[in-house]
Amino acid sequence: MSAQERRPEEDGRDFADAMWSVPSYLLAGMAIYGGIGWLLDRWLDMSAFFPIGVVLGVVLGGYLVYRKFGR
């Protein structure tokens with residue numbers, strides 16, 4: 001479908017999809033990398049990997065958002 005054939009409500013749907021995707025990427029990154037950090041903390045009997053994993057997840061999620069929507 002060309003840009004001229006697109007209906008206005010489809011543009012709104014694309015924007016809504018993007019607005020749901022951004023927090024989803026950030027939350028998924030926090031959950032996955034935070035979970036990996038929590039498992040490493042439990043396995044190694046430490047307490048440093050969970051916060052590192054959460055921060056790393058937010059950074060990588062933000063990078064994915066930038067790659068997908070920033071250009």
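This is a predicted model: local features need pLDDT of at least 70, side-chain atom pairs count only at pLDDT 80 or more; totals for chains, interfaces and linings use all residues.
Residues are numbered from 1 along the chain as its sequence is written, and side-chain values use heavy atoms, with hydrogens and water left out. Local features need pLDDT of at least 70, and side-chain atom pairs count only at pLDDT 80 or more, while totals for chains, interfaces and linings use all residues.

Start with the fold. The helices are α1 (8-44) and α2 (49-69). Take contacts, meaning heavy atoms within 4.5 Å. Among those between residues at least 6 apart in sequence, 53% join residues at least 24 apart.

Next, the surface as a whole. The chain exposes about 5700 Å², and carbon and sulfur atoms supply 67% of that area. Areas come from the Shrake-Rupley method with a 1.4 Å probe; for residues, only the protein chains shown count as cover. Of the 71 residues, 15% count as buried. Buried means under 20% relative accessible area, exposed means over 50%, and partly exposed lies in between.

Now follow α2. Its 21 residues should span 30 Å at 1.5 Å a residue, and its end C-alpha atoms are 30 Å apart, which agrees. The expected span is 1.5 Å times one less than the number of residues. Which residues of α2 are buried? They are Gly53, Gly57, Gly61 and Val65. These four cover an arc of only 105° around the axis, so they sit on the same side of α2. The arc is taken from the directions from the helix axis to the C-beta atoms. On the other side of α2, Ile52, Val55 and Val59 are exposed.

The loop between α1 and α2 contains Asp45. Asp45 has a positive phi of about 55°, although it is not a glycine. Most residues other than glycine have a negative phi. Asp45 counts as exposed because its relative accessibility is 71%.

Finally, look for a nonpolar patch on the surface. Ile32, Tyr33, Ile36, Leu56 and Leu60 form it, with about 410 Å² of accessible area together. Patch residues have over 30% relative accessible area and no salt bridge, and nonpolar side chains (Val, Leu, Ile, Met, Phe, Trp, Tyr) are joined within 5 Å. A salt bridge is a side-chain nitrogen of Lys or Arg within 4 Å of a carboxyl oxygen of Asp or Glu. Both α1 and α2 supply at least two residues of the patch. The largest share, 3 residues, comes from α1. Ile36 lies in α1 and is partly exposed, at 43% relative accessible area.

Terms used: Patches are made of residues with over 30% relative accessible area and no salt bridge: like charges are joined within 9 Å, nonpolar side chains (Val, Leu, Ile, Met, Phe, Trp, Tyr) within 5 Å. Buried means under 20% relative accessible area, exposed over 50%, partly exposed in between (1.4 Å probe, protein chains only).
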